[in-house]
There are 4 protein chains.
Amino acid sequence: MTSHLALMSCLLVLLLSLDKFLLHYLKKRWLSGGSIIPRISSAPSKSRRSMAAASAKWSETAMLVIDMQKDFVDPAMRSPMLVDGGQVVVPTVAEAVAVARERGIFVVWVVREHDPSGADVEVFRRHFYSGGKGPTVKGLKGAELADGLVIKQGEYKLVKTRFSAFFATPLDSVLKTSGIKNLVIVGVQTPNCIRQTVFDAVALDYEKVTVIIDATAAARPEIHLSNIRDMKNIGVETPTLEEWRR
Amino acid sequence: MTSHLALMSCLLVLLLSLDKFLLHYLKKRWLSGGSIIPRISSAPSKSRRSMAAASAKWSETAMLVIDMQKDFVDPAMRSPMLVDGGQVVVPTVAEAVAVARERGIFVVWVVREHDPSGADVEVFRRHFYSGGKGPTVKGLKGAELADGLVIKQGEYKLVKTRFSAFFATPLDSVLKTSGIKNLVIVGVQTPNCIRQTVFDAVALDYEKVTVIIDATAAARPEIHLSNIRDMKNIGVETPTLEEWRR
Amino acid sequence: MTSHLALMSCLLVLLLSLDKFLLHYLKKRWLSGGSIIPRISSAPSKSRRSMAAASAKWSETAMLVIDMQKDFVDPAMRSPMLVDGGQVVVPTVAEAVAVARERGIFVVWVVREHDPSGADVEVFRRHFYSGGKGPTVKGLKGAELADGLVIKQGEYKLVKTRFSAFFATPLDSVLKTSGIKNLVIVGVQTPNCIRQTVFDAVALDYEKVTVIIDATAAARPEIHLSNIRDMKNIGVETPTLEEWRR
Amino acid sequence: MTSHLALMSCLLVLLLSLDKFLLHYLKKRWLSGGSIIPRISSAPSKSRRSMAAASAKWSETAMLVIDMQKDFVDPAMRSPMLVDGGQVVVPTVAEAVAVARERGIFVVWVVREHDPSGADVEVFRRHFYSGGKGPTVKGLKGAELADGLVIKQGEYKLVKTRFSAFFATPLDSVLKTSGIKNLVIVGVQTPNCIRQTVFDAVALDYEKVTVIIDATAAARPEIHLSNIRDMKNIGVETPTLEEWRR
């Protein structure tokens, strides 16, 4: 009996914490038949003048595209690292990158690439590596970007070996010496690599950190949303791609 | 209408993800009239022999007590950094420390101590500092440990300036050169300093990371629990103090 | 016979690498009867106008005063960490700090403060710590600043535990978020803490790094000078205090 | 007149600080007609038994081969980063690696590989990068290992972007989780990448750090030797390859 009460009180609390935005988002994402990509073809092209004005703003912004590699998002790879819910955001991530390029935002492709021995992967995952194979081993197919994603000239590829894109990498140095003050983050997965990168970015005092809510994903919606909530609580902005591109 | 459907699907997912343990925990914590401290007085004292055997095990374990300072857990301080739900875990934290001491576990008191200028606090919180005052300023009352918590000889005080106890501190060096392989974590608050420290500990390859679920706290129960869930998902153990002391 | 030849060739190479400046410096420092402090009392005071102009420049500069603690520079402490040649630069360091204050430069006092257990000191030095005592133990006299040096309000005290002031400390964060781009470094000792801090500062892309050659010291002049040479070779400026204050 | 005195006193001090070992080394290196490679063909092969005993010891040792890339050591590349004196040690480095392999030592190839944009190189060197070219740009010939050096299976390639092999890289993590406690270091160049890596290794508490004196090099012998002296002063061992292979 009391366990029912406990449950109800939990649900109540949850309800209260779900704001309109999240409801709207959920509705779109899980009830709309799958398509979560905003229609953008009809967006009116901006005048050259406003683009010039915007370019000043965007030159201090970098987009971090995190872990969008086959072993993380392509079920066909049968990787133990597959993120359920990863594949579905590939088109949104691609679209976010397209917007970033249009705006002249510095695009950084953050990827895991591990030694075939597994010597540079977390110890608790090292059993996945043997015979020169394992998740996102450098040079193997699983380490490639998901189909449809390509690194263009002038964009930066950053190799990491842990959750956070800042852990034991030169990322902060690359960004700060390039005049970057603001970050926009897309990719997978929300509770681990996305969130750790975001919290480190806040600790490293980037002025504005933005996570595009429908260009990031976790294994389950409630995991995604509770992490979005926590990031909002420390000042991170969490628009949809549609809202961000306005 | 569809928004109701969305809500219901969300709740269903939530239900499925709540395992018996969490329900049990919630019931105890929010419905039992407030007391969350396991009764321990009747615990049978262990024989000397088993303690000797255990001591080998515990000599490789450290307990990190995080942010148990007045400005974080004592409402009387009226600090903007107060963690709702922090004060209630002070006794459990004290008890956990007592158990750690009994076992010969290395106790590390992780505290924030900031310069009066605020020059070493996150930029987004720097507006709280002026006139030589602000949350957990070194030397002020708010930076002191909560009443009932004391650093004993042989225990280590580590000063940090960001969420994670490992960020820009010598903590990893202190622990690894002391032969520490396992961490037990208590304190506040779950989504920020606890979780960031935990994820960094995993990235730094500590063999076993344990978060005592009722000796840590967040502003709201659902925040606490969703973060516990995410930590469990990367292999962190999350016993109650009662379970851990067995 | 051949060993004499070897020696001569070594000396020859050394001669060629000693530029006039270093000779001048050596002459002043070891042959002038000890006084290495430039006479400054007769310096004409600058007009208010030029000071205002200068203040813009100096607001982006920080002075790091490194390890000027009794255990490092005061022979009376009988510390195993005493730097021969340290005490003699105390007045020059004091003078450099006075100039920095006059210019509105942000002064950072970098000190070692170790736990009585020695748990946070380099392992190879840990044997110096026992019974709660050891070099620069927090709270003991040896950790205090050398006589004549005082931290004033608005200045920052940074505690480090390794050679480099940037190693496992929030220094880079404090400086960068304070708008600091240039560093001026004084203290002891040249081959270890000074040089490691300088090389890390270069790696961290501070725009201009200056080491005041007669406000830094090593156990022996040739050690001091060879390190000054190496730092010059990576772009560090190495003026005398007299030159820097112009 | 006094400048002559200054000079003489300097030389005297230098003489006193040159121990027999360095003299011996100098004699061999600069007076013997160029060959600095110890003759090893006649070394008696060790019995299988002693090799088994030794393997336990060497399994905790890693060799770091630093910056042995064409742009650093091959004059034909006409790179602005060429280290005078680098090419001459290539055979000794190759020999040291051969010894390491024979002993079962973990070999780590530390290389610089920069983005064509130069975004991850030190700011003060960024002017060398334009049109997709620059020193040790990833994928270009200058980033390749010097002729005669090859990465074998089971060896690790570590990419760095600053002097120290530990700066913003996962090296410490790779080594410590592989059970490595001791480091042997070869490559170029002594005052910068070698020394910074060595000092960081000491700060990171590796138990024994060894620099092979004739498998490392600097632009000029006195630069090499003064840095060897400083490293010896903090406990680093500095044998010749001949001595180390005994």
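Here are some friendly notes on the predicted model above, point by point.

1. **Ground rules.** This is a predicted model, where local features need pLDDT of at least 70 and side-chain atom pairs count only at pLDDT 80 or more, while totals for chains, interfaces and linings use all residues; side-chain values use heavy atoms, with hydrogens and water left out. Residues are numbered from 1 along each chain as its sequence is written, and chains are lettered from A and ligands numbered from 1 in the order in which they are written.

2. **Chain A at a glance.** Chain A has nine helices and five strands; these are DSSP runs, helices being H or I of at least four residues and strands E of at least two, numbered from the N terminus. Along the sequence they follow the pattern α-α-α-β-α-α-β-β-α-β-α-β-α-α. Of the 246 residues in chain A, 58% are buried (under 20% relative accessible area, with exposed meaning over 50% and partly exposed in between, using a 1.4 Å probe and protein chains only). Among contacts (heavy atoms within 4.5 Å) in chain A between residues at least 6 apart in sequence, 77% join residues at least 24 apart.

3. **The sheet.** Five strands of chain A form an open sheet in the order β3-β2-β1-β4-β5, with parallel pairing; two strands pair if DSSP finds at least two bridges between them. The edges are β3 (156-160) and β5 (208-217) of chain A, each with a single partner strand, so one side of each has no neighbour in the sheet. On average, neighbouring strands of this sheet are turned by 20° against each other, direction ignored. Axes here are lines fitted to C-alpha atoms, for helices over the stretch in contact, and angles run from 0 to 180 degrees between N-to-C directions.

4. β1 (residues 61-66) and β2 (residues 106-112) of chain A pair in the parallel sense over five bridges. V65(A) has W109(A) in β2(A) as its bridge partner. Helix α5 (residues 90-103) of chain A packs on the sheet, touching β1, β2, β4 (182-188) and β5 of chain A, and its direction makes about 160° with that of β1(A).

5. **A kinked helix.** Where does helix α7 (residues 190-203) of chain A have its kink centred? The kink, of about 25°, is centred on Q196(A); the bend at a residue is the angle between axes fitted to the seven residues ending there and the seven starting there. In α7(A), 14 of 14 residues are buried. After α7(A) comes D205(A), whose phi is positive, near 65°.

6. **A tryptophan pair.** Over all chains there are twelve aromatic pairs (rings of Phe, Tyr and Trp, the last by its six-membered ring, with centres within 6.5 Å; planes under 30 degrees apart count as stacked, over 60 as edge-to-face and the rest as tilted). The rings of W58(A) and W244(A) have centres 5.8 Å apart and planes at 75°, so this pair is edge-to-face. W58(A) lies in helix α3 (residues 48-58) and W244(A) in helix α9 (residues 241-245) of chain A, so the pair ties together parts 186 residues apart in sequence. Both W58(A) and W244(A) are buried.

7. **A buried loop residue.** A146(A) is in the loop between β2 and β3 of chain A, and is buried at a relative accessible area of 6%. Leaving out residues up to four places away in sequence, A146(A) touches M68(A), Q69(A), K70(A), V73(A) and V90(A).
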